[in-house]
Amino acid sequence: MTLFDMTQIEATQQNLKGGKHLANKFGKSFHNPQVIRGIIAGGVIALAITAVSIIFWGGKALTFETIFTNTTIGLALGSLYAVYATGLVVLYNTTGVFNFAQGAIGVFGAFIYWELHFNDNPLVFRFIDLFSITILPEKFHLHSLIAMPIALLVCGAIGIILDVLIMRKLKETSLLVQMLITVAIMVLILALAGDIWNADQPRPFSPLFGGSGPKIFGATITLHRILVFVTAGAVAIGLRLFLKKTRLGIAMRSVVDSRELASLTGTNPNVISSSAWALGSMLAGLGGILIAPEFQTLDPTNLNTIVIIAFAAAACGALRNLPMAFIGAIAIGLIKQHTSIWLDLSTDYRNIPDAFAPFILLVVMVVIPDTRLELTRIVKGLRSRERVTLPWEAIIGGAMLILVAVALSGGWLNFGFWNPSDWGLAALNNSVAAMALILIATSLIPLTGWTGQINLAPLAFAGFGAFIYTKFIGDAAFGQWYWLPLVAIATAPLGALVAITAARLKGVYLGLASLAFAQLMTFLFFAHSEITPNFVENRQFERLEIIWFNFKKGFHRLKLINDLDEFRFLVVVFAIVIVVLVFLRHSRFGRRWVALSDSEVASASIGVNIVWTKVAVYSFSAAIAGLAGVFWGVANTSFTADSYDILEGLALVLLLAAAGASIPVAGIFLSFRFLISGLAKRLADTDSVDWLMFVFEKLEKYGPGLLALGMVVNSRGAVFRIGQGFAQMLPWRRDAKIARKAEIAKAQDPEFGELGLEKEFLPDKVMDLDRRLGILSYSVPEGGYEILKDNGLGKNANGTQSKPEPVETNTNSEQKTDK
Amino acid sequence: MEHTNGRSKFLNRFIQSINGDFTPLVFQKDLDAMANFDDRQFDGSTLETTDVKMYFGGVKALDGASIKVEPGKLTSLIGPNGAGKTTLFNVITGFLKPTAGQVFLEGREITREPIRARSKMGIARTFQKLEAFNTLSTRDNILVAGEKHNTRTETPTKLEVDALMEDVGLAEYSDITVGTLPTGIARRVELARALATHPRILLLDEPSSGLNESETEEMAQLLSKLTKQGLSILLVEHDMSFVMSVSDFIYVLDFGKIIAQDIPEKIQNDPKVRAAYLGAH
């Protein structure tokens, strides 16, 4: 029994007790750590609200009318968030997946509704028009009572499709992968919505009942808002009853704990999970449709920002508790509305009302304990040898990378067609940007890949580093290279801060906390004029001056004014970072980081200081990200908040995960995106091939999400596979060849299972034939083929047996000769 | 791996590093010392709990449990399911802070010490549910536990790790990823990892679960070898014949209380113990 088991038991005991002795409930509940933590979280939030109110009080007269009006608006807003949040909570309760795509599905629902109800020329007809058939009148609007169910059904269908095609196949993978897949789905759906409904066209979206409603205390309360409030309440209560009382609801909750057990009781887990997804997606759609009138016009990215608020609300209920999530949503709605009315905010602090949601999310995620036991799901695969790139391999690889990059960019290697001067400035700038982003992604490798700490805010660290550079080094020190470590040293404490606050968190909780952190940085830090001086003339990046080497001049000072030099410099930096990472992975630090990701409980039991280990890895990661942020800024020439946008950061994380976050060189995978955009630009420059341009554009847009979906089949990442293939070609990697053979053997004959490794040692095919025919009575050959053998020697694979590890001795001697 | 061929220390260190090995250099004296691994001695220590109480809300998981583990002895803790055995383990190792009562190691109170401090003082444990570092190799599992900062001693050399793996019967699995090993062997990895922290007392939570008969036999031999080398062991186990064969002293826990304590032969015939196991209350 682990530590987390205990907290879970503790919580359950408290719940039981509370139910039995209602009279004692309030007196004793103070002994419940969760209640105490809840009170702490509430206190911190209340303190923040009070402080902000005192500092920014606008001095408006407090009349009953304004208070009442804004409270009703706040309640309606809160109810909208509640609809989203209940969808999240229901899905989390029934499938164990926290759906980051909830907002995106809501966006989709809102657009479908807009097409059916508001658009003069709906999508369906535009599609039919493609075939030059006109069957319906020019203007066609469905009544909202018809349009809404259709939109909701479409959302439900999306949910079912997601479950059947993607989520169901993720049962065996880690929760981290499941979470990233939903992030990928979010990015994909948003991109799709942006493509179908481009943002240029205004799409007015009027409230239901045309914004009319009764006047109460001199304030008009629109029927739309009343309806929203009633709907949200009904949904929350109805769902709670559904989950607690109905057979289907109880079945839904049981499936999350164990699909196998649930199926024993006669429920079909697949049907259950599909209905859960349908339900969650329909709630998202409902939320999207109801919230759309709060915006002037429909815009996918705008609408999606709501999802952070929904996350915050769901967090208030520890992602599981519907009533608490509802209360949280209402509270956020009220806080947002009232702060935006009563506070007098300068442009620097204009985002404060919006920033409360991520703030609450962060506080709650940090304070409320992780009561959910997140089991490590071990997929027992082939018995495999641990093989991590050796430092000398990394050194040679890094040197080769530098050589190839310098040669290619200098045009020395042209293969008869390659001419870098043809590529123009745009393409080179692209390569610089690519290298910078690759470096930012690489900063996640020790953090996410090794220590298992998901970080959805890599660009927040990068942005902070860039800020330090523009503020202190670019102007004052004229970009001298030796000031760069200052950026790293200044960014590292930010990482340490995140590590200390998030030290107890794992998985989804950590993902949410980092997302909230990124959002707060965007709202408060990057929006401040001290950070980004003014929106028209942003702060420029001073180009770096470095010590460089070439054969003509030897070592000399070089100002990186052109992109070619910058690109080569970044390649060198990248190679150095990779070598450092590989050394680290073999050091006791790297080992401890990986151990921490495997089992925190066991790490503690052998004397590892978990908090300090996390502080170390976060600081290290932040330092690399900060440095890379400077290079990313240089590629963008000026410091704008947009370059450090959250969605861009998510795409980065997705691409890295798709590549394989534990492999130091995985970042290179990101260059594909820039290769494609470079090609697209090149095509635009010269003879443009329209359809090819189109393909490239779409690839650039959908690439990250689609590639991340690749984790469904290959959770270790694409680079891992490529590396496996590549390793077989290396003369000193006999182990890779043997592993590959074993894999092929298993693929051809899954029944052999672990025997795959030893298959080539089986005496002959007759034995195999015997096994297939079910004849097990042949004599046991010499060399220890026994049926009675120790655990794990593959008795289950078939009746026969082989020696435990004949391959072992081979490769051991192999490795010895290696060293 | 024998860096005794007259190369300079610096060159040896360099070659070792670029091969990803940062363990201390191995010299001739280490090789000489290797001969003595078999009569390795543990500095076994006394562990005592006095009247430990652990309440979860209204449930009394432990209600005044006092046990004592003598140095170099194997003490067992048995009892029916839910008797509080694992809870007591968690209290001793610091995973839970008791509601009342104290834990002493070598006469020093450690009730409020954090988990890692207890590990450094020499308390090592295994887990009922396997908690190995699944993506690391067997060798790395042992190394990570033996490294400086984690223990009172220096980072083990490659030879020491090899010797430990040989002892526990893991030599052939040294480079295999532990997550892909069968349970029985992974349990041994966990045990080797605990031993690598240079423990003074070892707490084993159901080491024989998931093992077959011959593996259990090997485990019993290994445990008696360890106690002979001076290590104190506290064992929680369901397999009665295993417990009776290896224990020097047995505590029986039921409903959070010690209901009997004696040598194995007497425990076997204790009517209270039988009643507890049969559920006659």
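Visitor: Which residues does A635(A) touch, not counting residues up to four places away in sequence?

Guide: Two residues are in contact if their C-beta atoms, placed from the backbone, lie within 7 Å. By that rule A635(A) touches N429(A), V432(A), A433(A) and A436(A). This is a predicted model, where local features need pLDDT of at least 70, side-chain atom pairs count only at pLDDT 80 or more, and totals for chains, interfaces and linings use all residues. Residues are numbered from 1 along each chain as its sequence is written, and chains are lettered from A and ligands numbered from 1 in the order in which they are written.

Visitor: Is A635(A) buried or exposed?

Guide: A residue is buried if 20 or more other C-beta atoms lie within 10 Å of its own, exposed if 12 or fewer, and partly exposed in between. A635(A) is buried, because 22 other C-beta atoms lie within 10 Å. The residue sits in helix 26 (residues 610-636) of chain A; helices are DSSP runs of H or I, at least four residues, numbered from the N terminus.

Visitor: How many residues apart in sequence are A635(A) and L437(A)?

Guide: They are 198 residues apart in sequence, yet 9.8 Å apart in space, C-alpha to C-alpha.

Visitor: How is chain B divided?

Guide: Domain bounds come from an automatic or database domain assignment. Chain B has domain 1 (39-122 + 201-278) and domain 2 (132-198). Their contact takes 10 residues from each of the two domains. On the domain 1 side, helix 4 (115-121) and helix 8 (213-228) of chain B each supply at least two residues. Helix 8 of chain B gives the largest share, three residues.
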